[in-house]
Each structure stands twice: as C-alpha cells, then as structure tokens.
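Dear colleague,

Please find below the structure that I am handing over to you.

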Number of protein chains: 2
Amino acid sequence: MSNRIDITLGIDIGGTNTVFGFVDRNGNCIAESSIPTNSYEAAENLFARLSIEIVNLYKQIEGKYNFIGIGIGAPNANYYKGTVEMPPNLSWGYVNVLEIIQKYFDVPSAITNDANAAAIGEMKFGAAKGMKDFIVITLGTGLGSGIVCNGELVYGADGFAGEIGHTIYDPNGRQCGCGRKGCLETYSSASGIRRTVYELLCDSNEESELRKISFADLTAKAISEAALKGDKIALQAFDFTGKVLGIKLADAVAHTSPEAIILFGGLAASGKLIFEPTQKYMEEYMLNIFKNKVKLIPSALTNGNTAVLGASALIWNEIDKQTEFTASK
Amino acid sequence: MSNRIDITLGIDIGGTNTVFGFVDRNGNCIAESSIPTNSYEAAENLFARLSIEIVNLYKQIEGKYNFIGIGIGAPNANYYKGTVEMPPNLSWGYVNVLEIIQKYFDVPSAITNDANAAAIGEMKFGAAKGMKDFIVITLGTGLGSGIVCNGELVYGADGFAGEIGHTIYDPNGRQCGCGRKGCLETYSSASGIRRTVYELLCDSNEESELRKISFADLTAKAISEAALKGDKIALQAFDFTGKVLGIKLADAVAHTSPEAIILFGGLAASGKLIFEPTQKYMEEYMLNIFKNKVKLIPSALTNGNTAVLGASALIWNEIDKQTEFTASK
C-alpha cells in the first residue's frame with residue numbers, strides 16, 4: 001500500500017454531461033471520463049450508472065494508486081448538508097448526494113457548487129496558489145463565484161454564499177432567471193452579452209455581421225469572433241459587459257479586498273476582449289485605497305478538465321485540513 | 001498575581017474625542033475616561049497625553065486587576081501593518097500607531113478601524129455571540145462595516161476589507177467624500193438621510209416642519225423626531241434610506257451569506273424607523289435562497305461605551321487566538 005500514490009475522484013455534474021476523473025495531490029488528472037447526466041432522471045439513477053463507470057475507470061489505473069476521497073461539484077449544492085436543492089437544470093428536487101455516494105464508495109466525500117469548487121481548485125492547483133484572499137468568477141451561461149477569505153472558502157451561514165452573479169446592477173433592469181431584475185449575470189455572462197448585442201443592434205444603425213444571426217443562434221463565441229474582426233457592435237458589447245462586471249467587482253473588492261480576481265469559464269476565453277474593459281472599469285469605479293492592487297487574471301487550471309480538478313481539490317482540501325488538525329493535536 | 005482579574009484596554013480614537021477604558025474578559029467596562037483628540041496635533045502628542053491618563057485611570061483600579069493588552073479602533077487603521085493611513089479627520093498622515101503605543105506599554109496591542117472593532121465586539125460580547133458569519137453596519141456620519149466569515153474578521157489582502165459604505169448604489173448618483181459618485185453612505189447614513197430630506201423637500205410640496213431647518217442645522221435626530229410625530233417628508237426619508245440600504249445589504253448577503261446583520265451607531269438608534277424599511281427592502285431585493293434567513297438586529301454592546309468595548313474585544317480576540325494556538329501545540 002505505502003508505495004501507492006494517493007488520488008481523489010473529482011465529479012462535475014452538469015446539466016448535459018457528468019465528467020469525472022482521478023486527480024493526484026499535485027493536480028494532475030490521471031484518468032478522466034464522462035457520461036450523459038440525463039437531466040430528466042432521478043439522482044439515484046445517475047449515481048447507479050456513474051458508480052459502474054467510476055469502478056471501470058479505476059480498474060484501468062488501480063495498481064499504482066490509492067483512492068482516498070470524492071469531491072463533487074453540482075448546481076445548488078450545499079456544502080454543510082451534502083445536498084443538492086432544486087437545481088435549475090436537473091429534475092432532482094431535494095437530494096442528499098453524499099448519502100447516495102456513500103452507498104457505493106466508503107471514502108470521505110464533499111460537495112459544493114461548481115464556482116466554489118473552481119475557487120478551491122485555483123487555490124490548490126491553479127492561479128491562486130499561496131493566496132489567502134481571492135475571488136473566482138465563472139463566466140458561463142450564468143455568472144458564478146467562489147470567495148476565499150483568510151484561506152477558507154466562504155460558505156456563509158447557510159452554505160450558499162458567493163452568489164455575486166445575483167448582486168443587483170440595476171433594480172429596474174433585465175429580467176433574471178431568479179425572478180428578480182437587473183442581476184449582474186443578466187449582463188455579464190455568455191447569455192448576458194447576447195442580450196447586450198441585441199440591445200445595441202436595436203439602439204444603433206451600425207452595420208454588423210451579427211444582424212444576420214438570430215437570438216437563438218447567437219453565441220458568445222460568434223460575438224468574440226466578430227469583435228476580433230473589428231465589428232463595432234461586438235466590440236461595444238464586450239465593453240458594456242466589462243463595464244457592468246467592473247462596477248460590480250469594485251463592489252466585491254469593497255467587501256472582501258481580494259489579492260486577485262480570477263476569471264474562469266467560456267466567456268473568459270475571449271481573453272483581452274473581456275479582461276481589458278473589466279479591468280479598466282473596475283479600477284475606475286473602485287474606492288481609492290483599493291486601486292491598482294487587485295490582479296485580474298485568467299484561470300490556471302490547465303492540467304485536465306477544470307471542473308474535475310476543482311471538484312477534486314474540494315476533497316483534497318478537506319483531507320489536508322483533517323491532516324493538519326490531527327497533526328496539531 | 002494569580003488572584004487578579006485580567007483586563008485589557010480599549011481605545012477609540014475619534015475626530016473629536018479619544019475614549020478609553022479597561023474591560024474584563026466578559027465585556028464589562030471596569031473604568032472609562034476620555035480626552036480631546038485635538039485633531040490638528042501630531043499622533044505622538046495624542047499618545048503622550050493619553051499614556052498619562054491611562055496610567056492615572058489604571059492606578060484607580062490597579063490592586064485587583066492585571067493589565068494584559070491594548071486594542072485600538074481608529075479611522076483608516078490597518079490591522080496588518082499597525083498603521084493609521086491618511087485618516088480623513090486627523091492631521092496624522094501615515095503613522096505606525098502600534099510602534100508608538102509600545103513605547104509606553106509593554107503589552108500586546110492591535111489596531112483596526114472602528115467598524116471592524118465593533119464587529120469583534122459584537123462577536124465577543126454582544127449580539128453576534130456564537131455566530132461565525134455576520135456583518136456589522138455602523139450608521140454614523142458615514143457607513144462603516146465589519147464582515148465576519150468562518151468566525152474570523154475579514155481584513156482582506158491589504159487589511160482594508162469591509163468598505164460596504166463605498167459600494168456603489170448609483171454610478172451617476174450623489175457625490176461622495178471618497179471622490180466617486182453614488183456610494184451607499186451618501187444615502188444610508190446620518191448625513192445621507194439629511195441629503196434625502198432636502199431632495200424630498202425640493203421634489204414635493206408636502207408640508208413639513210423640516211422646511212424650517214437649514215441644511216447645516218439638520219440632524220438625523222431631528223428627522224427621527226419629526227418622523228415620530230408623523231411628518232411625511234421625514235417618514236419618506238427613512239423609507240428611502242432603508243430602501244437603498246436594503247438593496248445593498250441584499251448584495252452583501254449574496255457575497256457572504258451572514259446569519260445576521262447588526263445595525264450599530266447613531267442612525268440605528270432611530271429603531272424601527274430605520275429597521276422596518278431596511279428589512280422590508282432587503283427581503284424584497286434578496287435572492288430567493290436567502291430570503292427570510294438573515295436576522296436584522298440592533299447592537300447588544302450595552303455594558304459601556306460601544307467603541308471602547310469593540311476596541312477591547314479586538315485584543316481579547318488576539319489573546320484568545322494565541323491561547324488556543326499554544327494549547328494546540
């Protein structure tokens with residue numbers, strides 16, 4: 001046993017696919033696979049299918065490794081309770097995921113949402129190594145966030161902290177999926193920038209290749225490609241997306257004063273198209289004492305699927321805390 | 001020595017007066033006094049005068065007590081560096097306060113701003129006893145805040161975290177002392193509600209006793225008294241003040257998901273005039289998963305000067321952390 005290398009399993013449950021992989025203590029993904037989530041299914045069915053695939057994957061690498069924990073990233077996950085509660089894209093209702101997973105695997109496990117998992121991933125393996133105070137912003141269809149203060153992820157009193165995507169930019173603004181109006185994620189996300197393009201196409205007479213694409217077909221990638229070709233509507237859309245994000249990140253800085261803010265996920269892949277306006281407006285709207293201190297940087301989770309690395313980091317973090325606790329006694 | 005009761009000194013440096021007192025481990029203030037700050041003086045002069053008064057006060061109680069630490073609350077204080085940096089109401093510039101105080105007293109000392117000290121005070125002695133996640137909002141001339149996550153005060157990467165008063169309500173809004181526009185404290189503070197009254201007096205033809213008071217003479221207390229007599233302008237001013245505060249506290253909840261938010265200071269003394277609209281709008285503008293979870297409560301630092309208790313709690317907290325650390329080794 002003692003010559004074997006410890007590994008944990010990271011599982012990321014998405015609306016379409018569930019990706020999983022074995023990751024070592026240094027953040028190297030040893031083996032990875034995925035299955036369809038089948039969002040209409042009960043959670044029990046997913047985990048029954050998943051457990052078979054996990055065992056199959058582990059058999060391929062077993063001889064050299066020692067499987068010591070499971071970390072899970074899932075929508076609306078509650079770290080304290082081990083539950084997933086009314087996830088928007090899954091027909092699960094209220095499910096205790098950790099209870100289910102323990103039926104199949106007798107190792108420590110932990111669960112949180114994907115943005116929190118990403119934050120722990122960056123802290124353990126990525127761009128936030130050695131940092132004690134930082135924020136990860138995931139720019140996907142929505143906007144997720146994970147906040148780390150004093151070296152610890154902030155779960156808050158109820159386990160749901162870190163919902164910067166649902167801070168309000170404009171109380172009379174765009175309708176949000178959460179039922180309110182003007183949330184940050186209705187502006188600064190892959191779906192938000194699409195709405196902004198349509199607003200700009202409506203308000204201006206500027207020529208744009210984006211006029212040929214329907215709302216349903218328009219993607220952040222198409223907007224990014226148009227911007228790189230100099231399309232003014234696309235460039236304005238990135239500027240406005242970065243402005244709203246910058247203003248609300250200036251607020252976030254006033255709360256927890258992070259050393260860095262890490263942009264993660266689909267829209268962050270647009271690189272300087274999104275980083276430059278975000279940085280510019282964040283500095284412009286930031287309180288003086290914080291100006292020119294906060295780094296705005298991309299994710300550095302590059303040695304495998306980022307969500308799997310994040311989920312794995314969650315349980316590595318728990319294992320390390322336990323080790324420190326035992327060592328200090 | 002062993003029969004003596006341990007006490008710490010809490011010092012609150014304000015623009016007008018510097019208040020100080022000896023406080024026991026249970027948050028009882030044993031003896032308290034104050035001297036004028038003389039804001040035009042150098043910091044060294046204040047501490048020279050202060051040290052004499054501290055010694056005099058200690059002499060009155062010395063026999064029974066054991067003086068073991070000093071906690072200081074001061075504007076623009078940096079916990080990490082022990083400094084006060086360019087305080088708005090004092091002509092100090094950049095001063096290392098802990099270095100100065102160590103010349104007079106050979107005991108452990110710590111410094112932070114008054115809102116952070118208030119937060120630690122509430123955690124040790126007041127309304128947040130036993131809580132691990134909460135926020136204290138001080139509603140004075142400005143709006144200060146102290147944020148506690150995972151049982152630790154959030155100082156952030158640079159020691160200046162917790163500036164919720166300088167989150168932006170309206171990027172095109174009221175001019176703030178910080179040089180930007182539309183900061184929360186230009187709306188929700190003793191000076192903010194005064195501005196709101198004047199806006200309402202301008203916009204409406206409503207009769208109001210407040211029409212007889214000049215802007216310079218108008219106080220939050222006068223607005224509160226008028227509201228209690230049913231003055232509609234005063235009541236509308238409290239409603240709007242609570243609305244802006246409620247919207248921005250809903251944002252704060254989305255960041256750190258506190259168990260409670262504690263309102264502290266002058267304007268909080270207006271009781272339900274400010275608590276009711278703040279609670280109402282906070283719930284209205286809050287993300288669903290947080291609704292009806294967050295308590296909005298008054299300070300419970302009542303056994304002495306609240307600022308002195310907060311400053312004292314700061315050093316008690318350090319002493320307790322040190323004790324825990326030693327015990328765990």
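Predicted model: local features only at pLDDT ≥ 70, side-chain atom pairs only at ≥ 80, totals over all residues.

Residues are numbered from 1 along each chain as its sequence is written, and chains are lettered from A and ligands numbered from 1 in the order in which they are written.

The two chains

Chain A can be laid on chain B with an RMSD of 0.0 Å by a turn of 180° and a shift of 0.0 Å along the axis (superposed by least squares on the C-alpha atoms of residues with pLDDT of at least 70 in both copies). The two copies are thus related as by a two-fold rotation axis. Both copies use the same surface, as 100% of the contact residues of chain A recur in chain B.

In the interface, 37 residues of chain A are in contact with 37 residues of chain B (contact: C-beta atoms, placed from the backbone, within 7 Å). On the chain A side, helix 6 gives the largest share, seven residues; helix 6 (232-256) and strand 10 (143-149) each supply at least two. Helices (H or I, at least four residues) and strands (E, at least two) are DSSP runs, numbered from the N terminus.

The domains of chain A

Chain A is divided into domain 1 (5-120 + 303-328) and domain 2 (130-298), with bounds from an automatic or database domain assignment. Their C-alpha centres lie 28 Å apart. The contact between them takes twelve residues from domain 1 and 13 residues from domain 2. Helix 3 (residues 114-125) provides the largest share of the domain 1 side, six residues.

Strand 9 of chain A

Six of the six residues of strand 9 (residues 134-139) of chain A are buried, so this strand is largely enclosed by the rest of the structure (buried: 20 or more other C-beta atoms within 10 Å of the residue's own, all placed from the backbone). Phe134(A), Val136(A) and Thr138(A) point one way, and Ile135(A), Ile137(A) and Leu139(A) the other way.

Strand 9 pairs with strand 10 of chain A in the antiparallel sense over six bridges (pairing: at least two bridges found by DSSP). A hairpin of three residues joins these two strands, and Ile137(A) has Ser145(A) as its bridge partner. Strand 9 also pairs with strand 12 (residues 260-264) of chain A, in the parallel sense over five bridges; there, Val136(A) is partnered by Ile262(A).

With kind regards

Technical notes. Contact = placed C-beta atoms within 7 Å. Buried ≥ 20, exposed ≤ 12 C-beta atoms within 10 Å, placed from the backbone.
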